[in-house]
Amino acid sequence: MKEIRAIVRTTRLDRLQEALRAIPNFPGVTIFKAEGFTAPAAIDKRTVKEELTDFTPKLMVCVLASDDMVEPIRNAIMDACGTGSIGDGLVWTVDIGTIHRIRDRSEL
């Protein structure tokens, strides 16, 4: 099992939902509101105050999925959320040891 996480633009949520729902057997997604800023070296020179206080609203996307689902999910996120501009976000994958359903304590 893997967890696919991404930080994406809030304006891409509708496109992302459509793309993920189009994946056969998609397991589900959790979305968190997030804030952050890009690496200061990647943008024009600004003041230290601007660099420390300019937080841009973003979304964190979390999906728990089987190993064979990682590539289509990651591709759907990148395709739906990419604009080609700085600030599009990041996507990464984390190994998951075990997952248990709270309802019946079953291991997934």
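Which residues line the second largest pocket? That was my starting point today, working with a predicted model.

**Entry 1: the pocket**

I looked up the lining and got Glu-3, Pro-27, Gly-28, Val-29, Thr-30, Phe-32, Cys-62, Val-63 and Leu-64. The volume of this second largest pocket comes out at about 200 Å³.

Next I sorted the lining by class: six residues are nonpolar, two are polar and one is charged.

Then I asked myself which strands supply at least two residues each to this lining. I found β2, running 30–36, and β3, running 56–65. β3 gives the largest share, with three residues.

**Entry 2: two helices**

I moved on to a helix pair. Two packed helices are described by the angle between their axes and the distance between the axes, so I noted both.

Helix α1 covers residues 13–21 and helix α3 covers residues 70–81. They pack at an angle of about 150°, and their axes are 9 Å apart. Anything over 145 degrees counts as roughly antiparallel, so α1 and α3 are roughly antiparallel to each other. I also checked the handedness, and the crossing of α1 and α3 is right-handed.

Who makes the contact? From α1, I wrote down Arg-15, Leu-16, Ala-19 and Leu-20. From α3, I have Ile-73, Ala-76, Ile-77, Asp-79, Ala-80 and Cys-81.

**Entry 3: classes at the helix contact**

How many residues of each class sit in the contact of α1 with α3? I got eight nonpolar, two charged and no polar residues.

Definitions and conventions: Residues are numbered from 1 along each chain as its sequence is written. This is a predicted model: local features need pLDDT of at least 70, side-chain atom pairs count only at pLDDT 80 or more; totals for chains, interfaces and linings use all residues. Side-chain values use heavy atoms; hydrogens and water are left out. On a 1 Å grid over the protein atoms alone, a cavity is a set of points where a 1.4 Å probe fits but cannot get out, and a pocket is an open set with protein on both sides within 12 Å along at least five of seven lines; lining residues have an atom within 4 Å of a point. Grid points are joined across faces, edges and corners, and a volume is the space filled by probe spheres set on the points. Helices (H or I, at least four residues) and strands (E, at least two) are DSSP runs, numbered from the N terminus. Ala, Val, Leu, Ile, Met, Phe, Trp, Tyr, Cys and Pro count as nonpolar, Asp, Glu, Lys and Arg as charged, and the others, Gly among them, as polar. Axes are lines fitted to C-alpha atoms, for helices over the stretch in contact, and angles run from 0 to 180 degrees between N-to-C directions. Angles under 35 degrees count as roughly parallel, over 145 as roughly antiparallel, 65 to 115 as roughly perpendicular and the rest as oblique. A crossing is left-handed if the near helix is turned anticlockwise from the far one by less than a right angle, and right-handed if clockwise. Contact means heavy atoms within 4.5 Å.
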